[in-house]
Amino acid sequence: MTHDTILIVDFGSQVTQLIARRVREAGVFSVVAPFHEAEAAFNEHRPVGVIFSGGPASTHTEGSPRAPQALIDADVPKLGICYGQMVMTTQMGGRAEADDHREFGRAEVEVVAGSPLLDGIWAPGERHTVWMSHGDRVVEPAPGFKVIARSPGAPFAILANESKRAYGLMFHPEVVHTPDGARLIEAFVRRIAGARGDWTMATFRDEAIASIRAQVGEGRVICGLSGGVDSTVTAVLLAEAIGDRLTCIFVDHGLLRQNEAADVEAMFAGRNDVIFNKVDAADLFLEALDGVSDPEAKRKTIGRLFVEVFEKEARRVNGDFLAQGTLYPDVIESVSATGGPSVTIKSHHNVGGLPERMGLKLVEPLRLLFKDEVRALGRELGLSELLVGRHPFPGPGLAIRHPGPVTREGLDVLRKADAIYIEEIRAAGLYNAIWQAFAVLLPVQTVGVMGDARTYERVLALRAVTSTDGMTADIYPFDINFLGRVAARIVNEVRGVNRVVYDVTSKPPGTIEWE
Ligand SMILES: Nc1ncnc2c1ncn2[C@@H]1O[C@H](COP(=O)(O)OP(=O)(O)OP(=O)(O)O)[C@@H](O)[C@H]1O
Ligand SMILES: O=c1[nH]c(=O)c2[nH+]cn([C@@H]3O[C@H](COP(=O)(O)O)[C@@H](O)[C@H]3O)c2[nH]1
Ligand SMILES: NC(=O)CC[C@H](N)C(=O)O
Ligand SMILES: [Mg+2]
């Protein structure tokens, strides 16, 4: 099936894939290509519009990335975002520079002229909230461009050349913190570029199944199945595509939550479309993690052992592919998604944590999706709301919620405390309002008094966040009485903890997990 396509040229922004998902939300298919492969992608896909992403570089620095000149010259609608605006400006004859008026976070733009891009969204004279993240700015627009909006830090917050259907935005319309951003992107792809809205989750499902069949051929696939949303959706999709040539492997690495192994087993006992195998590998993982405290070292150890287990299972069933429920945020935080120049935040076990040499070929049908899109796909595949709504749980499990070297005793304490916390969240009817909630056992002891006796025990931190895609997150604003109740239960019922604290850090600057 051919779709009207939008090409997104990636200059290494952390949020490039958010542009892709906004385009998908507008019902339009998109392709992301790193800037150095953009010309080939342009020739292959014949897009009806091109979007240039932001990025960490500065156009005035020598050797900084440029768009292929053929794309700049092509008679196709263009939208440049932040670095993308500055690249377009520079390559079309204007100039951008570093400036003292840096803007990070919320800013206000004032619309000073009308434009087909803004019709029905923003009118001249209005002021609107946007999200900025720049240290450089356009100082001289390219010939033929006029100013549509300005902000205190960016006199050229929106530039337009209507006859060329070319637009440059200093702010980021793709993030949720620009409230009208999704509508601006929709206006660009549908109205300016004229793309048909023919992309839906149902078409994604059919195309994903077709591409799995094309990739795997007559081969056999091992699927790492955690019982989480991503791998369950992956497994069901694969089962539809290749039937009994799929074997699912659930690894009990000793870092799971209370009752998790039994629950996951029970969940799959009732399905006859997937072959389910559980591997007990707690000793293997816990011995390898003995004494390891560096977060990246933990992640890499766990990623390597997962693959060892998968390779062994693959030999058993004669498989040559490994399927994982890898999502876009796992990819972007580990390495740049498309070979572009973004930076590593942490090595997700299933991406940056993979060993360099691996005998199995990866099948990752969800690699470019965000969690809420995967949930929509799960519903499309008929999965229950209970499963689709589960909080994410990271592959490295409790190891990254236990700063310092993990110990079996520490894991037991953490399991008990976490179970109480989640039980209270469910009882209060808050589970679905929260993106993810969990406990973290700190390697810190503090003094307490219990039953008139002195205690010197561990501190437990509680975390709960709201988010839509895991890329940014806010703290969940619990009622203080709720937190007090949970803390009292944990200190009373879990031996080894005498103090409970609540983590009030958003992402950024924090991350959701502590390691
Ligand atoms: N215990 C496990 N056994 C087998 N595979 C696992 C396990 N934990 C994680 N994986 C693999 O790593 C991938 C990434 O883990 P991740 O936690 O991001 O996804 P998930 O567990 O499927 O979903 P969720 O994010 O909702 O927890 C999984 O999709 C799965 O392929
Ligand atoms: O499968 C996974 N393997 C990992 O190595 C990993 N690290 C973080 N996460 C989950 O990703 C989301 C974003 O987490 P951070 O803000 O901590 O990066 C949150 O939902 C985290 O739980 C992981 N999931
Ligand atoms: N978000 C961006 O694209 C940033 C562009 C450029 N690196 C700057 O700091 O101005
Ligand atoms: Mg998981």
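A residue is buried if 20 or more other C-beta atoms lie within 10 Å of its own, exposed if 12 or fewer, and partly exposed in between, with C-beta atoms placed from the backbone. This is a predicted model, in which local features need pLDDT of at least 70 and side-chain atom pairs count only at pLDDT 80 or more, while totals for chains, interfaces and linings use all residues. Residues are numbered from 1 along each chain as its sequence is written, and chains are lettered from A and ligands numbered from 1 in the order in which they are written.

Q: Why is Tyr 328 called buried?
A: Tyr 328 has 25 other C-beta atoms within 10 Å, and the definition asks for 20 or more. Tyr 328 therefore counts as buried. Its place is in helix α11, where helices (H or I, at least four residues) and strands (E, at least two) are DSSP runs numbered from the N terminus.

Q: What makes strand β1 mostly covered?
A: Strand β1 spans residues 5-10, and six of its six residues are buried. Thr 5, Leu 7 and Val 9 point one way, Ile 6, Ile 8 and Asp 10 the other way, and all are buried.

Q: How do you know that β1 pairs with strand β2?
A: Two strands pair if DSSP finds at least two bridges between them. Six bridges join β1 to β2 (residues 29-34), and the two run parallel.

Q: What makes the crossover from β1 to β2 right-handed?
A: The term applies if, with the strands pointing away from the viewer, the path from the first strand over the helix to the second runs clockwise. Here the chain goes from β1 through helix α1 (residues 16-25) to β2, and this β-α-β crossover meets the condition: it is right-handed.

Q: How do you know that β1 also pairs with strand β3?
A: Four bridges join β1 to β3 (residues 49-52), again in a parallel arrangement, and at least two are needed. In β3, Val 50 is the bridge partner of Leu 7.

Q: Why is helix α1 called largely enclosed?
A: Nine of the 10 residues of α1 are buried, so the rest of the structure largely encloses this helix. Among the buried ones are Leu 18, Ile 19 and Val 23, and also Arg 21, Arg 22 and Arg 24. Just after α1, Gly 27 takes a positive phi of about 80°.

Q: What makes a set of residues a nonpolar core, and which residues have the most contacts inside the largest one?
A: A nonpolar core is a set of buried Ala, Val, Leu, Ile, Met, Phe, Trp, Tyr and Cys residues joined through C-beta atoms within 7 Å. The largest has 145 residues, and those with the most contacts inside it are Leu 7, Val 9, Phe 188, Val 221, Cys 223 and Leu 238. Helix α7 (residues 229-242) gives the largest share of this core, nine residues.

Q: What makes Ser 13 one of the residues that surround ligand 3?
A: A residue is near a molecule if its C-beta atom, placed from the backbone, lies within 6 Å of it. Ser 13 is in the set that surrounds ligand 3, which also includes Cys 82, Tyr 83, His 134 and Asp 136. Strand β6 (residues 127-140) gives the largest share of this shell, four residues.
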